[in-house]
Every structure is written in C-alpha cells, then in structure tokens.
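Take a look at the fold below. We will start with a pair of helices and then move to the sheet.

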Amino acid sequence: MKKVLAFDVYGTLIDTHGVLDELGKHVGDQAMAFSQRWRDRQLEYAFRRGLMGAYVDFAQCTREALEYVDRAMGTRLSEQAKDRLMATYTSLPAFPDAADALARIAESRQVRCVAFSNGSRQAVSKLLEGAGILQYFDDIVSVEEVRRFKPDPAVYAHLRSRVEAAANDTWLVSSNPFDIIGAKHAGLHAAWVRRSAEAPFDPWGDEPDLTVSDLDELLDRLG
C-alpha cells in the first residue's frame, strides 16, 4: 500500500497573507499586523468552537475573526470592504514551492496526496484550483465530514479512515505546530514545514518526525 501525504492547506500550501494587497487598500501600513491577528483569531475561534461542540463552517470563523480584528484595531471597515476581503480569502495564492513540489510527487507515483483541511471541501477545492494545484491531489479530506476542527483526535481518525491507511503509513505535512502535535498524538507521522526561521515549536514534547524549511526540502528528506 502506498504511503499517504496529507497536506494541510491554509498556511502550508496556501499563503494566508495573500490578503495583504487588498488589506493595504483599507488599512494601509497596518496590513501585516491586521493579517496576522486575523489568522490567529480565525484559529482561536475554531479551537473554541471545537471545545464547545458548536461546529460551523470554517468560513464563518474567518468572517467572525475579521469582524473582531476590525473592532480591536479600530479600522472601521465598511461592509463592502469586509466582503471584498472575504472574497480575497477564497482565492489566496499558493506558496512558490507548492506547485513544483507537488508535481514531483505526482511524477514519482510512490505516494498518495490528499489535501486535509479545516476548510470545507467546496472552499478547499476552489482555493486549490485557483492556485493551480488541485490536479496534484487524489482527494480532499475536510473536517466538515465529522463536524470537528483540528486538532481533535476524531479529525485525524477520520483522515485515516478516508484514506484507508495505517497510522504508520500516513504523514501529515503542516506549517501549524498545533496540527503537528494533534497528528502525533493520534499516532501519525508528521513533518513540520517551518516557513519562518523565527517560528518556535510548542514545547509539549511531541516533536515532529521531520522539520523542513520548505516543501522541496521535505521531498528530499523523504526520498
């Protein structure tokens, strides 16, 4: 049986800071700070809803996070501006290394690739297609199918069930430490894509099997 590489989408394959140009039109030089807080609050809302058992589509977490950061930073965005920013979030770009790395995997035919995301299947499919990388995936596994969010163990169990692979044959590839820790806790292998050299890893003792700076290095390390 082929090994499975399950790629996280937001922040790993897709650059969530791809909203900066649109944000700059509305908040000027606060764009990067706004973008980072937006992403952090988006994840926090998903975590909270997961703990509460109050699942909603990830897009709702994204919109609510946008509303919060607008209030917190006092940027007073119009509803039209918020709608444009949400539209931009559905067409974010892939990181520069994503297409070439995924093409190399597809050519090797030695592993199966799936996209594994907090986003809905529809949203992720549109996002990957717009970024020009959808064709490299055998499937999309969304948390909406179990109505939980990463890093709930049920999400990783669902991944294994969907790909019909043993934990030892399943690798999570993610830039998000919480995702790596969740996968390791569930018995999967995990590769951390450390996209920022300054990014720390959570000191929980659940270290990734591999730490790489980009997807090209990942493929070299995995052979």
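The axes of helix α2 (residues 31-52) and helix α3 (residues 58-73) come within 8 Å and cross at roughly 130°. That angle makes α2 oblique to α3, because angles under 35 degrees count as roughly parallel, over 145 as roughly antiparallel, 65 to 115 as roughly perpendicular and the rest as oblique. Axes are lines fitted to C-alpha atoms, for helices over the stretch in contact, and angles run from 0 to 180 degrees between N-to-C directions. Helices (H or I, at least four residues) and strands (E, at least two) are DSSP runs, numbered from the N terminus.

This is a predicted model: local features need pLDDT of at least 70, side-chain atom pairs count only at pLDDT 80 or more, and totals for chains, interfaces and linings use all residues. Residues are numbered from 1 along each chain as its sequence is written, and side-chain values use heavy atoms, with hydrogens and water left out.

Which residues make the contact? On α2 they include Phe34, Trp38, Leu43 and Tyr45. On α3 they include Phe58, Leu66, Tyr68 and Met73. Contact here means heavy atoms within 4.5 Å. By class, the contact of α2 with α3 has 14 nonpolar, three polar and six charged residues. Ala, Val, Leu, Ile, Met, Phe, Trp, Tyr, Cys and Pro count as nonpolar, Asp, Glu, Lys and Arg as charged, and the others, Gly among them, as polar.

Now the sheet. Six strands form an open sheet in the order β3-β2-β1-β4-β5-β6, with parallel pairing. Two strands pair if DSSP finds at least two bridges between them. The edge strands are β3 (139-142) and β6 (210-212), and each pairs on one side only. From one strand to the next, the twist averages 25°.

Look at β1 next. Four of its five residues are buried, meaning under 20% relative accessible area with a 1.4 Å probe, protein chains only. Five bridges link β1 in parallel to strand β2 (residues 111-117). Here alanine 6 stands opposite valine 114 in β2. β1 also runs parallel to β4, joined by four bridges. Valine 4 stands opposite threonine 170 in β4.

Move on to β4. Strand β4 (residues 170-174) pairs with strand β5 (residues 189-193) in the parallel sense, over four bridges. Serine 174 stands opposite tryptophan 192 in β5.

Helix α9 (residues 215-222) lies across β1 (3-7), β4, β5 and β6, and runs at about 140° to β6.

Notes. Buried means under 20% relative accessible area, exposed over 50%, partly exposed in between (1.4 Å probe, protein chains only).
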